[in-house]
Amino acid sequence: MGITKAVSLEMTKAVEKGAFLLACLLMLGGASANAQNQKKMATVEKDTIPLFRGIAVGVDVIGPVQLMVSDYGQYEASLRVNLKDKYYPVFELGYGKADASDESTKINYKTSAPYARIGIDWNLLKNKHDDYRLFGGFRYGFTSFKYDVTSPPIKDPVWGGDVPYGAEGVKSNYHWLEGVFGVDAKIWGPSAWDGASNTSADWLRRMAK
């Protein structure tokens, strides 16, 4: 009886040890498989798109129309670089003109002002490589120009008589910041940025707004 009981106890301990070792092996195997799956997923989701995806050239088509129908407007062109369909550095160059008169005061303001803007846009969509893009960004702008102001003479309230009022060739410069929000939507034709370099019709449409 004593020998049988001792053998039974030893067998029970051996079974428990075997079960413990088997559980440890299963846990290690599961952890290893999970790590391999995560590594595989990371490999699949890795973005292999090259850094440089092309350039887009844009023109402002509204500014020249404004010059024809109003007393101010501008000519403007832009160059935008596509980096991984996510970042879009932008350089914009323009030439603004104004020849405006106030009907009530008869004061006339006239200027021709070159200007430039530089900044960057971000593609806000989760799928960066879609044909459709939602942009947010900013611009820093600068201009240096001269202006003329002419006006009818004004009455001197103290001494009486007419006093000339106006200025010619006044130098000025101006700095400013802009926030940008826009959408690129494919309407017709091949996908934008398909080649190493192309002109994006979507960008032209956005610049015209």
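Helix α2, which spans residues 62-69, lies across the strands β2 and β3 and runs at about 180 degrees to β2. Contact here means heavy atoms within 4.5 Å, while axes are lines fitted to C-alpha atoms, for helices over the stretch in contact, with angles that run from 0 to 180 degrees between N-to-C directions. The helices (H or I, at least four residues) and strands (E, at least two) are DSSP runs, numbered from the N terminus. The model is a predicted one, in which local features need pLDDT of at least 70 and side-chain atom pairs count only at pLDDT 80 or more, whereas totals for chains, interfaces and linings use all residues. Residues are numbered from 1 along each chain as its sequence is written, and side-chain values use heavy atoms, with hydrogens and water left out.

The strands β2 and β3 belong to an open sheet of six strands, whose order is β1-β2-β3-β4-β5-β6 and whose pairing is antiparallel. At its edges are β1 (52-59) and β6 (162-184), each of which pairs on one side only. Averaged over the sheet, and with direction ignored, neighbouring strands are turned by 10 degrees against each other. Two strands are said to pair if DSSP finds at least two bridges between them.

Strand β2 (residues 72-83) is then joined by ten bridges to the antiparallel strand β3 (residues 87-101). Along this pair, Ala77 stands opposite Leu93 in β3, Leu79 stands opposite Phe91, and Arg80 has Val90 as its bridge partner. The two strands form a hairpin with three residues between them, and Lys84 in the turn has a positive phi of about 60 degrees.

Further along, β3 and β4 pair in the antiparallel sense over 15 bridges, and Lys97 has Ser112 in β4 as its bridge partner. Their hairpin has six residues between the strands, with Lys106 taking a positive phi near 65 degrees. At the other end of the sheet, 20 bridges join β5 to β6, which run antiparallel, and there the bridge partner of Thr150 is Gly166 in β6. The hairpin of β5 and β6 also has six residues between its strands, and in this hairpin Gly160 takes a positive phi near 80 degrees.

Side chains of opposite charge can pair when their charged atoms come close. Eight salt bridges are counted, a salt bridge being a side-chain nitrogen of Lys or Arg within 4 Å of a carboxyl oxygen of Asp or Glu. In one of them, the side chains of Asp85 and Arg53 meet at 3.3 Å, N to O. This pair links distant parts of the chain, with Asp85 in the loop between β2 and β3 and Arg53 in strand β1, 32 residues apart.

A nonpolar surface patch of about 750 Å² is made by Val57, Leu79, Phe91, Leu93, Ile118, Tyr140, Phe142 and Leu177. Such patches are made of residues with over 30% relative accessible area and no salt bridge, where like charges are joined within 9 Å and nonpolar side chains (Val, Leu, Ile, Met, Phe, Trp, Tyr) within 5 Å; accessible areas come from the Shrake-Rupley method with a 1.4 Å probe, and for residues only the protein chains shown count as cover. The elements that give two or more residues to the nonpolar patch are β3 and β5 (133-155).
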